[in-house]
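Here are my notes for anyone opening this one for the first time. Have a look at the model, then follow the points in order.

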Amino acid sequence: MLRSVGKAALVATLVAASACAPGVEEREIEGREDLGLTIYPAKIENGLSGAIDIEVPEGTQSTLIEVRGDEGLYYLSKMTTPSSTELIESGLFVTRAARELPGLVDWLYPNVPDRPVEAGTYTLILRAEDPDGGHVGGEDAKLWVYNKAASSASGCGLSLDFLVDRDAVAEGDLDLLVDGLVARTLWFYNQVGVTITDYQIQRVDLPGGGVDVSGQSWRTTLDSIDSVLDQARKEGSARAGSVHIVIVRSLGEGGPAGYSMGLPGPFGADLPNSAVIISSLAYVDSDGFVDLDGLSTTLAHEMGHHLGLYHTSEENGLLHDPIDDTPECDEAFGCSQEFKENIMTPGEGDKRWRFTPGQAEVIKRHPLCVAMDVAIPDKVCDATCTAPETCAIWEGQSTCLLACDPTAPECPGAALCTTDAVGTYVCTP
């Protein structure tokens, strides 16, 4: 069932790209006049590609570059702008810690808020390694390049597809859990002009009942997620242009509570890195109590990775994201309260609740976020709530109200399912 949370409007038009060179293919994307896709051949020999020229048209806000190959781990060695600025060596385009998975990787350019996109021909060179660190001898890969048009809209909207393993959440708890999860996640993102336009839920059967993201068996992990996405695609529940959220019971013994298969993730639904995974077991105690705040904070964090955001600072205090307005931690990891409250801070649990304006601008550049005007609330919701209740702003105050589904409202008594001051669907008190 598709659950509508708002009405999206596309407001940008992409300027047509130049005629295709030999071996280059252009495709239209249904329903997205603001988004163009061009596919370029990328021949790998002795660990490097030749120079690959890609065209970026006038009026482009951002470019998502996706490599599709066989088993290589791909890195962006060079990327030169039309005015001959070398972005990688100069540090103007940060691609470290992208999810280099066998045969797959994506990069979002630019991944800082203050760099405009120069129109014209960019030249790229890829490096390809095998899983053991050696050079890939020869491989025919493809570069899928999505150019997203600039927009005057104030924000953007996301579609979410929840793919829930049957062993992860009890049948009777599923709708209330996801409704509460969406309501809380919407609140995190709505503060900076990013909304959730719709979402749907599909039960899936995960091979083996769990996913191990320790890095010891990436082929098995990719096959498991690919199986889940394939099941959902056949049901129409894994859409291109949606964030695919796979809820599993566990991410392995001692594993994380959540993991984004892409940093950033792809636009399409046909790749196994097109998923955000969260563990239900990480937030359910022995009495069956669900920590909705913890689960939704993890989801918001992993979605941030999927949309192109790094950790504010890594736990060694030495590496930081490339965005100027995010708070950083020092080498002793002595951190400010603002740092602890940022959604993209690692390891702070449900203390996290805010994005910076710079982080929001990067999210808006990802093709998954469709340009639209979004009203930003003038009040922060700060009540601590327990599922199935969620934090809501009602009559100007933060409070806990029962989350509800507007397409199938089930509110007690004469209560109505309606939105609070920031667009969260709740049962009226």
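1. Is Asp226 buried, exposed or partly exposed? Asp226 is partly exposed, as its relative accessible area is 29%. The cut-offs here are under 20% relative accessible area for buried, over 50% for exposed, and partly exposed in between, using a 1.4 Å probe and protein chains only.

2. Some housekeeping before going on. This is a predicted model, in which local features need pLDDT of at least 70 and side-chain atom pairs count only at pLDDT 80 or more, while totals for chains, interfaces and linings use all residues. Residues are numbered from 1 along each chain as its sequence is written, and side-chain values use heavy atoms, with hydrogens and water left out.

3. Back to Asp226, whose side chain meets that of Arg233 in a salt bridge, 4.0 Å from N to O. The term stands for a side-chain nitrogen of Lys or Arg within 4 Å of a carboxyl oxygen of Asp or Glu. Arg233 also forms a salt bridge with Asp230, and there the closest N and O atoms are 3.5 Å apart. Asp230 and Arg233 both sit in helix H3 (residues 218-234), 3 residues apart, or about one turn of the helix. Salt bridges with shared partners join Asp226, Asp230, Arg233 and Lys234 into one network. Arg233 is partly exposed at 30% relative accessibility, and Asp230 is partly exposed too, with a relative accessible area of 31%.

4. A search of the whole structure turns up 16 salt bridges. Another one to look at joins the side chains of Glu25 and Arg27, at 2.7 Å from N to O. Glu25 counts as partly exposed because its relative accessibility is 36%; Arg27, at 37%, is also partly exposed.

5. Now for the inside. How many residues does the largest nonpolar core have? It has 58, where a core means buried Ala, Val, Leu, Ile, Met, Phe, Trp, Tyr and Cys residues joined through side-chain atoms within 4.5 Å. Leu158, Leu160, Phe162, Tyr189, Ile245 and Ile247 have the most contacts inside this core. Helix H2 (residues 174-190) supplies the largest share, 9 residues. There is also a second, separate core of 27 residues, with Tyr74, Met79, Leu143 and Val145 among them.

6. Zoom in on Leu158. Leaving out residues up to four places away in sequence, Leu158 touches a list that includes Val194, Ile196, Val243, Met303, Leu307 and Leu368. Contact here means heavy atoms within 4.5 Å.

7. Of the 17 residues in H2, 15 are buried. Helix H4 (residues 292-306) has 15 residues and reaches 21 Å from its first C-alpha to its last, close to the expected 21 Å. In H4, 15 of the 15 residues are buried, so the helix is largely enclosed by the rest of the structure. Gly308, which follows H4, has a positive phi near 110 degrees.

8. S5 pairs with strand S9 (residues 120-129) in the antiparallel sense over 5 bridges; pairing takes at least two DSSP bridges between the strands. Thr123 is the bridge partner of Asp53 in S9.

9. Last, the rings. Those of Phe, Tyr and Trp (its six-membered ring) pair if their centres lie within 6.5 Å, with planes under 30 degrees apart called stacked, over 60 edge-to-face and the rest tilted. The count by this rule is 7 aromatic pairs. Tyr109 and Tyr122 have ring centres 6.1 Å apart and planes at 65 degrees, so they are edge-to-face. Tyr109 lies in strand S8 (residues 104-109) and Tyr122 in S9, so the pair ties together parts that are 13 residues apart in sequence. Both Tyr109 and Tyr122 are buried. Ring pairs link Phe93, Tyr109 and Tyr122 into a cluster.

Note on methods: Helix = DSSP H or I, 4+ residues; strand = E, 2+ residues; numbered from the N terminus. Expected span 1.5 Å × (residues − 1).
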